[in-house]
Each structure stands twice: as structure tokens, then as C-alpha cells.
Amino acid sequence: MSSSTPSLPERARVVVIGGGVIGTSIAYHLAHLGVTDVLVLERDRLTSGTTWHAAGLMTCFGSTSETSTRLRLDSRELYAALEAETGVATGFKPVGLIEAAADTDRLEEYRRVAAFQRHLGLDVEEIGPGEMAELFPLARTDDLLAGFYVPGDGRVNPVDLTMSLARGARARGVRIVEGVRVESVLTRRRGLVDEVIGVRTDAGDVECDVVVNCAGMWARELAERNGVVVPNQAAEHYYLVTEPIAGMSPDAPVFEDPASFGYYREEGGGMMVGLFEPVAAAWRVDGIPPDFSFGEIPPDWDRMGPFVERAIARVPVVETVGIRTFFCGPESFTPDLAPAVGEAPGIHGYFVCAGLNSVGVLSAGGLGRVVAQWVATGRPDVDVTGFDVARFRSWQLHPRHRAERTAEILGTVYAAHVPGVELSSARGEFRSPVHDEMVAEGARLRDVSGWESADWYAGRGVTPVAAPGWGPQPWFVQWEAEHRAVREAVGLMDMSFMAKFAVRGPDAGAVLDRLSAGAVDRADGVITYTQWLNAGGGIEADLTVTRLAADDFLVVASDTSHGRVLGLLRRGVGAASVTVEDVTTDLGLLTVQGPSSRATLAALAPDVDWSSEAFPFRAARRLELAGIPVLAIRITYLGELGWELYVPAAETASVWDSVRKAGEQHGIRPAGLKALSSLRMEKGYRDFGHDIDNTDDVYGVGLGFAVALDKPGGFTGREATLAAKERGTPHRRLVQVLLQEPEPLMVHAEPVLRDGVVVGHVRSASYGWTLGGAVGLAFVGGHGPVTTQWLDDGTWEVDVAGTRHPARVSLRPMYDPTSTRVTT
């Protein structure tokens with residue numbers, strides 16, 4: 001750090017904290033958007049955290065996320081052109097990438113990835129072992145099944161790239177100051193949230209309206225000082241560099257063999273061998289030293305020896321030359337291997353872009369543009385539901401959680417990503433009130449946002465057994481039986497993990513009605529399915545609001561939307577007289593669904609009139625079941641007659657047992673999350689963050705019916721929503737897709753073709769046991785209005801791992817399109 005005290009301005013509109021590749025990219029893109037009153041503060045020198053030692057891969061292959069793929073494509077394009085603008089070379093060389101498939105699981109995965117990414121514009125082809133050997137002759141390829149070659153990918157120099165971005169930002173008026181440490185972000189209270197007013201540094205305070213925390217592996221500690229949850233954790237990352245090797249061309253492609261834990265590229269005439277070992281090691285869980293700059297970690301040879309041997313076995317020539325460098329340095333990882341990006345839910349103007357999981361360099365160009373757009377306009381222009389910082393919860397900051405999860409999550413980077421893979425570390429933060437009852441029924445438990453919930457049931461007294469894999473699995477028999485029980489009899493499901501908020505006070509109805517596109521404040525005892533929109537009409541949340549009384553409401557959202565919805569609620573309150581209480585763990589949630597659900601519940605509460613006339617669809621009633629007070633709401637997410645039961649947590653197990661016993665004569669069966677997925681998919685019910693996201697408007701995803709454009713006072717996003725309606729039939733729409741053959745399975749991201757041309761892709765999918773094939777929801781269009789006629793006139797197919805299968809598409813649900821089973 002400089003011995004003299006740097007001079008700081010008294011004020012800047014935006015302060016970017018951190019001068020690595022992420023921070024400089026955001027500053028560069030802000031300047032290009034005309035936001036030039038930007039101050040970048042770097043505690044030491046640019047790149048001194050983790051950017052300086054990054055391996056410099058610029059590869060796009062491997063993701064089935066549209067946002068992630070586009071971020072990488074945008075980055076690659078920027079890095080190729082940046083030198084012409086700034087005069088500073090980035091070191092980008094499009095030498096190509098070969099991704100090796102060493103086993104059938106990876107081959108299936110990569111074929112699916114390749115089909116999807118081709119749809120998004122990535123040039124990728126499958127090649128054989130012989131072609132791989134010609135392109136990268138120093139690798140042994142005789143035992144590989146195939147490779148996936150991306151000629152436009154390559155490598156970049158991370159330090160040069162950062163300097164080029166910094167030069168470009170400075171040229172447009174951004175100020176970058178090195179040697180200044182930000183100690184805290186200054187805020188003031190406004191309603192139920194805070195707002196940024198400045199930063200405190202070791203060189204004095206600076207006023208600002210917006211802060212962007214790009215502090216890398218220090219981001220967690222800085223964010224925690226303001227109650228912002230960024231649970232990234234540093235971990236050891238290794239690579240070695242050999243002495244010069246004959247035949248190691250500087251133009252050789254990057255070679256990745258995940259099954260050998262290794263990536264390989266030319267470096268200084270020798271070869272760099274990088275590692276992503278299957279069991280990693282967290283570093284400095286107690287906190288990163290504040291003066292750690294351009295630092296290395298002493299390598300753990302005993303731990304890494306077997307992994308190094310396996311990686312080197314792929315390139316035998318490495319065993320014959322000297323090792324110039326064996327490097328170990330920190331990289332930071334998040335609990336779900338997705339970055340922490342966006343505005344903190346509790347603080348206006350506090351943005352985060354951290355936890356890049358070793359893909360910071362290859363994502364920085366695209367991420368910089370997205371965050372800059374978000375800061376400048378108030379909302380992003382891409383789907384950010386997968387890495388919105390609001391998804392994290394405070395319990396994920398616990399040292400044990402970070403240590404255990406980081407060791408496991410880093411190991412998944414190069415693992416085969418097949419259906420059914422589960423993380424085993426740091427689970428069970430929350431316990432369902434019917435946990436023991438589910439286990440007794442043979443539940444195969446899975447992690448759901450910190451809860452253990454049943455995926456499917458093996459049966460009472462049977463130990464569930466499952467292994468990850470493509471294609472049908474032995475336990476599909478249980479899944480089908482649960483699905484059919486709900487369709488034909490009655491099912492009992494625990495959904496206590498759902499986010500639940502009690503919103504109370506004299507202004508509660510007005511606040512919720514302003515947030516909600518639907519009319520939620522009309523009558524007591526009514527549940528309303530609605531969306532919360534942003535000013536541009538994009539969907540920010542998809543949830544239900546139940547009016548219990550004029551000053552008492554229950555808001556329920558998906559588990560993954562917990563932080564986002566709580567943040568939107570608190571921001572929406574403003575100065576109104578409203579309280580918001582998180583009652584997620586206070587209330588159990590059981591759902592009783594199926595044609596025999598009415599008879600089952602009537603046996604428990606014979607004094608209640610459960611008929612449609614007395615208890616219509618969307619009605620909410622407080623009543624007693626087996627002597628226990630329950631809020632019963634007639635609603636469904638499975639497409640059948642049914643009720644959700646909200647029960648005090650301590651009494652939920654008793655209600656479960658009572659419902660289970662009452663339903664025995666009607667064929668009741670516990671149902672898990674696999675059945676939930678297949679049942680809701682047959683009915684075309686949406687799931688925020690999977691089928692719909694912040695880039696969608698209600699009409700494009702078929703939710704116009706839930707909007708009350710004429711309600712007094714309007715709602716956030718009304719003008720944009722009205723404009724979307726006036727534009728007429730959307731040119732891109734969400735449709736249901738059903739494969740015509742029963743064997744192939746859809747998972748996610750399969751390209752959808754009309755008359756042989758790709759017109760969209762599947763956003764999420766399951767298996768429709770009633771419909772007789774894999775079923776999903778896909779976003780299609782791009783060739784004019786997407787009308788029923790346009791759909792009917794086309795010949796439709798879905799590309800599953802490179803093979804096309806005939807399909808049907810529909811704007812209406814193929815199962816019970818008139819919802820007769822739900823409402824009668």
C-alpha cells in the first residue's frame with residue numbers, strides 16, 4: 001500500500017469497491033452507459049486479490065443457463081475488440097477449446113449442452129478421439145469417447161484484460177484510486193429498509209448514492225457489516241506450469257478433461273495443468289487477511305498428490321519435464337456455485353457482484369454490462385433469478401456451513417452433472433414439523449433451501465435407494481404411483497418449506513394491492529394468485545396473497561423466492577403503517593389434493609360444509625381439524641380439487657396423522673416433490689425462477705388472467721403491462737410441450753424446433769404420467785405473433801441430446817384445460 005494518503009473526492013454517484021477484473025468491468029460499462037461519476041477504490045493495486053493469478057481461460061462451453069452462456073459470449077466478444085478501443089492488449093487468443101467426454105454420463109450431458117448452446121449461437125461440434133489427438137497431440141485420447149470442439153474459445157491474460165478495462169473506464173471519466181481500503185458502507189434508515197449514503201475508508205469518507213461490492217474474497221466480510229448476506233468462501237485452487245515442452249504450440253487449444261480433474265493449455269512454451277479436485281479445501285474460514293495481496297497459499301502435497309497424478313496421466317509428457325511452478329492460490333465459491341449479483345434486498349443502492357466460482361475472468365465482460373445496466377436503469381435486462389444475491393440466507397454465513405459446503409461444491413465443478421446429483425454437506429438447517437412422519441413413510445429426502453423434504457417415498461418401513469443417472473430409474477415406479485394417487489384418489493404433501501409472511505396493519509391492504517398486479521384487497525377469506533412486477537412490467541415475484549381481514553394478510557411464495565419477496569415487501573411498505581413478519585417456520589403447510597380430498601377432510605371435520613357452494617375455489621376458512629385450529633385454503637398447485645392447510649408448527653404432525661388415517665379408505669398416499677413437479681407441469685402451472693423470470697411480462701407467459709388493469713390505484717408496472725397488452729399477441733410466448741414418444745426424457749434447456757428450425761427451448765420439464773410422455777414449458781417465437789394457428793400449422797420437435805423427437809405444443813394446458821377438476 002502506498003505510504004502517502006491518496007486524495008479522494010467528497011462525492012461520487014457510484015463507488016465500486018474492488019479493482020479486480022469484475023470491478024473494472026462494471027466501471028467500464030457504467031462509463032459506456034453515460035454514468036461517469038464513478039469512483040473505483042482498490043485496497044492495494046489492481047488485480048492484487050485473485051485476478052492476478054487466474055488461469056485466463058475464456059471458454060463458453062458447458063452451461064445450460066441462457067444467462068450464463070450469453071454472459072460468456074458477450075465477454076469473449078468484448079475481449080476480442082477491447083484493444084482497438086483502449087490501446088491495451090487483453091491477451092485474448094481464440095485458440096479453441098476441446099472438452100473431453102470420458103464416460104457415457106458426460107457424453108450425454110455434453111450432447112445436451114451442445115444442442116442448447118448451438119441454439120444460442122455458440123459454434124460447437126462433436127469430434128472423435130482421433131480429431132482430438134490431431135488438435136492436441138500431447139494428450140492421450142485413446143480412452144475418450146468424444147470431444148466437443150469450440151473453435152472460438154481460447155485464453156486471455158487476466159492482468160492485461162483488467163488494465164485494458166481500467167484504461168477504457170478512465171478514458172470516459174471514471175476515477176480509479178489504489179491504496180484505499182473501504183472499511184464500511186454508510187447507510188440511513190428509510191421505512192423498513194436502509195439506503196446507501198456513502199463509504200468510510202482509511203483515507204476518509206466519500207458520499208455516494210450507489211455502492212457495488214466487488215471485493216472478491218473479502219466481499220462476505222464487508223457485506224456482513226451491513227447485514228447483507230454474501231456467503232462466498234475462499235478455497236485452495238491449484239495449477240502447475242512445466243518447463244518448455246517440445247511440440248507445445250502457443251496456438252494449441254485449451255484442453256479440458258473433467259474426469260481427470262484437469263485443464264491444460266500452453267504457458268511460456270510449457271504446459272499449464274490446472275486442477276479442480278473432487279474434494280477441495282476451504283481457506284481461512286475465519287476471515288481473509290486484509291493485507292493479503294498477490295499472495296500464494298502453501299500447497300498441500302499430501303492432499304493433492306493423487307489428483308495431480310490423475311491429471312498428469314492425461315498428458316504423459318509432463319512426467320518427463322521439470323515443473324517450473326506449482327501454484328496454490330485462493331478462489332472464492334458460493335454454496336450453490338452461482339455468483340452473488342444484484343441489489344441487496346434490505347438496502348437501496350447496495351449492489352454486489354462477487355463469488356464468481358473460478359469463472360470470474362470468462363464472465364466479467366458480460367457481468368459488468370449486466371450490473372452496470374442494473375445500476376443505471378434500476379433493473380437488469382437478463383434473467384438474474386439464478387444469481388440474485390437475495391437468494392442467500394443468514395445461516396449460510398456460519399463457518400461450519402461455509403467450510404463443509406465449499407469443500408464439496410468446488411468438487412462439483414468437474415463432476416458429471418446428471419439428474420439426481422445431491423449435495424450432502426451443511427444440510428438440515430430447518431426441520432419440517434412432519435420430518436419424522438415423512439421418514440417413517442420411507443421418504444427420500446432432498447435439500448430444499450435448507451429444509452429436508454421428501455422427493456419421493458419408498459413406502460413405510462422401506463429404505464429409499466437412488467443413484468444419479470440419465471434415463472428411467474427404478475424409483476420411477478414410486479413416483480408414478482404418487483402422481484396417480486393425486487390424479488385418481490388423494491395425496492398428502494408437506495410444503496412447509498414455502499416462504500410465508502404475515503403482513504398486518506391499517507395500510508396492509510393498500511401496500512399489497514400496489515405491489516400486486518392482481519386485486520388482493522377486495523374481500524376477507526379470499527386467496528389471490530398474483531405477480532409482483534417492476535416498472536418495466538417484468539415479473540419480480542409469483543405468489544399468493546390471502547386476505548384474512550382488512551388489516552391481516554398472508555403472503556406465500558416459493559422457498560427460493562424467500563429473500564426476494566421479503567425484500568420487495570419491505571421496500572414496498574415505505575412510510576405506511578404496516579408490519580411484516582416472517583412466519584415461515586411458525587406454520588406447517590400440508591396440502592391435501594385429489595378427487596377424494598373433499599371426502600377425506602369431511603371425515604375429519606363433518607360440521608364443515610366442504611361443498612363448492614359453501615367452500616368455493618379460492619376461499620380461505622379458519623376451522624378445526626381433529627380439534628386443531630387450521631387455516632384451510634381451497635387452492636391447488638397440482639391441478640386437482642384440493643386444500644392447503646396452514647397449521648401451527650407444533651400441531652402439524654397431529655394433523656398429518658389425522659389426514660393420513662382419514663384418507664386410508666380413499667387410497668391416500670404421501671406424495672413428494674417429484675410428483676409435485678410432474679403434476680404441476682401437466683397443468684402448465686408456472687414456477688418463478690424456472691419457467692418464468694424477471695425478463696418476462698405477464699402476457700408472454702400466459703398470466704394475463706391474473707392482472708387487474710382496472711383496479712383503483714393501479715399497481716407497480718401497470719403502464720408497461722397495459723402497453724404490452726395493447727401491442728397485441730406476443731411474438732414470444734410460453735407454451736406447453738409434450739413429447740409424442742414415451743421413452744425420451746426432458747430435463748431443461750432442450751431446443752424446440754418448428755418445421756426444422758429452432759424457435760426456442762424448454763425452460764423446465766418433468767414426466768407426464770397422465771399425459772403419457774415427457775412434458776415441459778418452453779419459450780418459443782421470433783417469427784411474428786405466436787398464435788394458436790401458428791402453433792397448429794407447424795411440425796414440432798424437441799432436440800434431446802442431439803436426437804429430434806416429435807412433439808405437441810399448446811398455449812392451454814393439455815391436462816384439464818378448462819380446470820373443471822379444480823373448481824367443482
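User: Buried means under 20% relative accessible area, exposed over 50% and partly exposed in between, with a 1.4 Å probe and protein chains only. To which class does leucine 337 belong?

Analyst: This is a predicted model, in which local features need pLDDT of at least 70 and side-chain atom pairs count only at pLDDT 80 or more, while totals for chains, interfaces and linings use all residues. Residues are numbered from 1 along each chain as its sequence is written, and side-chain values use heavy atoms, with hydrogens and water left out. The residue lies in the loop between β17 (323–333) and β18 (340–343), where helices (H or I, at least four residues) and strands (E, at least two) are DSSP runs numbered from the N terminus. Because its relative accessibility is 28%, leucine 337 counts as partly exposed.

User: Which loop holds arginine 284, and what is its phi?

Analyst: Arginine 284 sits in the loop that runs between β16 (270–275) and α7 (301–313). A relative accessible area of 35% makes this residue partly exposed. Although arginine 284 is not a glycine, its phi is positive, at about 55°.

User: Where is proline 289, and is it buried or exposed?

Analyst: Proline 289 is found in the loop between β16 and α7, the loop in which arginine 284 also lies. Not counting residues up to four places away in sequence, proline 289 touches Trp218, Trp283 and Arg284, where contact means heavy atoms within 4.5 Å. Its relative accessible area is 17%, and therefore proline 289 is buried.

User: How far apart in space are proline 289 and glycine 20?

Analyst: Along the chain, proline 289 and glycine 20 are separated by 269 residues. From C-alpha to C-alpha, the distance between these two residues in space is 17 Å.

User: Which residues have the most contacts inside the largest nonpolar core?

Analyst: A nonpolar core is a set of buried Ala, Val, Leu, Ile, Met, Phe, Trp, Tyr and Cys residues joined through side-chain atoms within 4.5 Å, and the largest has 77 residues. Helix α8 (residues 360–377) supplies the largest share of this core, with nine residues. Apart from it lies another core of 67 residues, including Ile17, Ile127, Ile312 and Tyr350. In the largest core, the residues with the most contacts are Val14, Ile26, Val38, Phe61 and Val212.

User: Which residues does isoleucine 26 touch?

Analyst: Isoleucine 26 is one of the residues with the most contacts inside the largest core. Leaving out residues up to four places away in sequence, isoleucine 26 touches Val16, Val212, Cys214, Cys353, Gly368, Val371 and Ala372.

User: Which strand contains valine 16, and what is the relative accessibility of that residue?

Analyst: Valine 16 is found in strand β1, which covers residues 14–17. When residues up to four places away in sequence are not counted, valine 16 touches Gly23, Ile26, Val38, Leu39, Val40, Leu41, Val212 and Cys214. Valine 16 counts as buried because its relative accessibility is 0%.

User: How far apart in space are valine 16 and alanine 426?

Analyst: In sequence, 410 residues separate valine 16 from alanine 426. The distance between them in space, taken from C-alpha to C-alpha, is 32 Å.

User: How many disulfides does the count give?

Analyst: A disulfide is a covalent bond between the sulfur atoms of two cysteines, and the rule applied here asks for a pair of cysteine sulfur atoms within 2.5 Å. Under this rule, the number of disulfides comes to zero.

User: Which cysteine sulfur is nearest to that of cysteine 208?

Analyst: Cysteine 208 has a relative accessible area of 1% and is therefore buried. The residue takes part in no disulfide, and the nearest cysteine sulfur, 13 Å away, is that of cysteine 214.
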